[in-house]
Amino acid sequence: MASQNDIRLFKSLTLYIPDPYYWLICRTCRVVLSLNRFPTHFSNNTHLYSRTDCSRLIKAWILSEGPAYPFKIETETDLTRWPLPTDSLAPIPFLPIYTAFHCRFTNPATGLRCTRIIMDVTGMEKHCRETHGWRSSRPVGRPSGRNMIRPKKPPWELNVPCQRLT
Ligand SMILES: [Zn+2]
Ligand SMILES: [Zn+2]
């Protein structure tokens, strides 16, 4: 028999995001938790619960709420396999919204745009170089006045709203 106190505590710590996600989100850290990460997450320096308590909480919750609220994210691997949206969609409730850079390259075979969204410009430059063979037109070395090449429009879009899962 699952303890009602455990279930109440579990619900105060996490938020369940139903269909089509079936995710569990930490209310404090606002990240998606896989089932197997729950004990590690709630025994960390932010939450300070014992691992034993964490295991008891999740068992209680699965026992009483599991049938009505199934999880689809058992492990971190399930989370990385979650298909990234190719179109913009309504924000996922409760996860913070950031602005980032979205790659503009398209796959010549499928015509689909690259789904890569990266928060920092250095990371995006690296992605474009390594994945799409892009070369920056920025001159290498010290700019010397008249030889400066004006940078072409970069192959990414700015200020794209996005969300992070972890
Ligand atoms: Zn947390
Ligand atoms: Zn790309």
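Which residues does Trp23 touch, not counting residues up to four places away in sequence?

Mentor: Please keep in mind that this is a predicted model, in which local features need pLDDT of at least 70, side-chain atom pairs count only at pLDDT 80 or more, and totals for chains, interfaces and linings use all residues. Residues are numbered from 1 along each chain as its sequence is written, while chains are lettered from A and ligands numbered from 1 in the order in which they are written.

Leaving out residues up to four places away in sequence, Trp23 touches Ile17, Val32 and Ile73, where two residues are in contact if their C-beta atoms, placed from the backbone, lie within 7 Å. Trp23 also belongs to the largest nonpolar core, which has 14 residues, and is listed with Phe10, Ile25, Val32, Leu33, Leu57 and Trp61 as touching the most other members. A nonpolar core is here a set of buried Ala, Val, Leu, Ile, Met, Phe, Trp, Tyr and Cys residues joined through C-beta atoms within 7 Å; a residue is buried if 20 or more other C-beta atoms lie within 10 Å of its own, exposed if 12 or fewer, and partly exposed in between, with C-beta atoms placed from the backbone. The elements that give two or more residues to this core are α1 (4–13), β2, β3 (32–33), α2 (38–42) and α3 (51–65), and α3 gives the most, with four residues. Helices (H or I, at least four residues) and strands (E, at least two) are DSSP runs, numbered from the N terminus. Apart from this core lies another, of seven residues, among them Phe101, Cys103, Met124 and Cys128. As general background, nonpolar side chains tend to be buried together in soluble globular proteins.

The strand β2 spans 23–26 and takes part in an open sheet of three strands, with the order β1-β2-β3 and antiparallel pairing; two strands pair if DSSP finds at least two bridges between them. The edge strands of this sheet are β1 and β3, each of which pairs on one side only. Two bridges join β2 to β3, and these strands run antiparallel, with Ile25 standing opposite Val32 in β3.

The loop that comes between β1 (14–17) and β2 holds Pro20, and a cis peptide bond, with omega about 5°, joins Asp19 and Pro20. Tyr22 lies in the loop between β1 and β2 as well, and its phi is near 55°, a positive value in a residue other than glycine. Tyr22 counts as partly exposed because 13 other C-beta atoms lie within 10 Å.

Of its 166 residues, 15% count as buried. Among the contacts in the protein chain with a separation of 6 or more, 56% are between residues 24 or more positions apart.
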